Amino acid sequence: MGTPTVLADARAAAWVLRRVRRTQGRATTVDQVVPDGFARYAVLPGEAEGTLTPEELAVLCDALAGHTATPGDCVLALPTTWPAGAEAAPAGEELSLAGRSVVLVAAALDDVVSLSYDDRPGRWWAQSPVVLWPQDRAWCVATPPRQRVTVVGGSVALVEDLVASSGLDARPAGPGDRLVG
């Protein structure tokens, strides 16, 4: 696993914040969770609330890798609320994405699963990222809290691959589609 870097400020997420439709409460539609402007969207039902399992995240990351020119340069938005017994949150500017207070971490897509589910003593994270995107912004993935869904925005080819994947139960969605989960 490479060394993840906590980003000191939240500028890397400015494009997401500009393109996500604002809501006063819980996000209920695709475009309230991931940015608008992608060619296609998909919704993946999850086994757990507010996170993907390590197996689901691994299948998703494998599918995402072929749909970005920058798989070694991704941004993960990780919550600022930590599991019991974890060390304090790393220093970084906090912001709100997909209904959660998060800090941004730079890491390679290959490291997302091992970083997200690192259970070594003193680690501060134990679930999938709230939001994830590559530097080239070819796609964006978000898993809102209190819901059993993950939303992906990306190319037509990406959504077709997700829907065809035997390891995911993905379905195509539109930006205004309601989240159910």
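This is a predicted model: local features need pLDDT of at least 70, side-chain atom pairs count only at pLDDT 80 or more; totals for chains, interfaces and linings use all residues.
At 1% relative accessibility, Trp15 falls in the buried class, because anything under 20% relative accessible area counts as buried.

What does Trp15 pair with? The structure holds three aromatic pairs. One of them joins Trp15 to Phe38, and the geometry is edge-to-face, with 6.4 Å centre to centre and 80 degrees between the planes. This pair links distant parts of the chain: Trp15 belongs to helix H1 (residues 14–19), while Phe38 sits in the loop between H1 and strand E2 (40–45), 23 residues apart. Trp15 and Phe38 are both buried.

Trp15 also pairs with Trp133. Their ring centres are 6.0 Å apart and their planes meet at 80 degrees, so this pair is edge-to-face too. Since Trp15 is in helix H1 and Trp133 is in strand E6 (residues 131–134), the pair ties together parts that are 118 residues apart in sequence. Trp133 has 2% relative accessibility, so Trp133 counts as buried.

Here are the two pairs side by side.

| Pair | Centre to centre | Angle between planes | Class |
|---|---|---|---|
| Trp15 and Phe38 | 6.4 Å | 80 degrees | edge-to-face |
| Trp15 and Trp133 | 6.0 Å | 80 degrees | edge-to-face |

Why edge-to-face for Trp15 and Trp133? Their planes are at 80 degrees, and planes over 60 degrees apart get that label.

Trp15, Phe38, Tyr41 and Trp133 form one aromatic cluster.

## Two arginines with positive phi

Next come two backbone spots to look at. Arg137 has a phi near 60 degrees, which is a positive value in a residue other than glycine. Where is Arg137 found? Arg137 is in the loop between E6 and strand E7 (140–142). With a relative accessible area of 41%, Arg137 is partly exposed.

Arg146 is the other one. Its phi is positive, about 60 degrees, although Arg146 is not a glycine. Arg146 is in the loop between E7 and strand E8 (149–154). Is Arg146 buried or partly exposed? The relative accessible area is 47%, so Arg146 counts as partly exposed.

Notes: Residues are numbered from 1 along each chain as its sequence is written. Side-chain values use heavy atoms; hydrogens and water are left out. Rings of Phe, Tyr and Trp (its six-membered ring) pair if their centres lie within 6.5 Å; planes under 30 degrees apart count as stacked, over 60 as edge-to-face and the rest as tilted. Helices (H or I, at least four residues) and strands (E, at least two) are DSSP runs, numbered from the N terminus. Buried means under 20% relative accessible area, exposed over 50%, partly exposed in between (1.4 Å probe, protein chains only).
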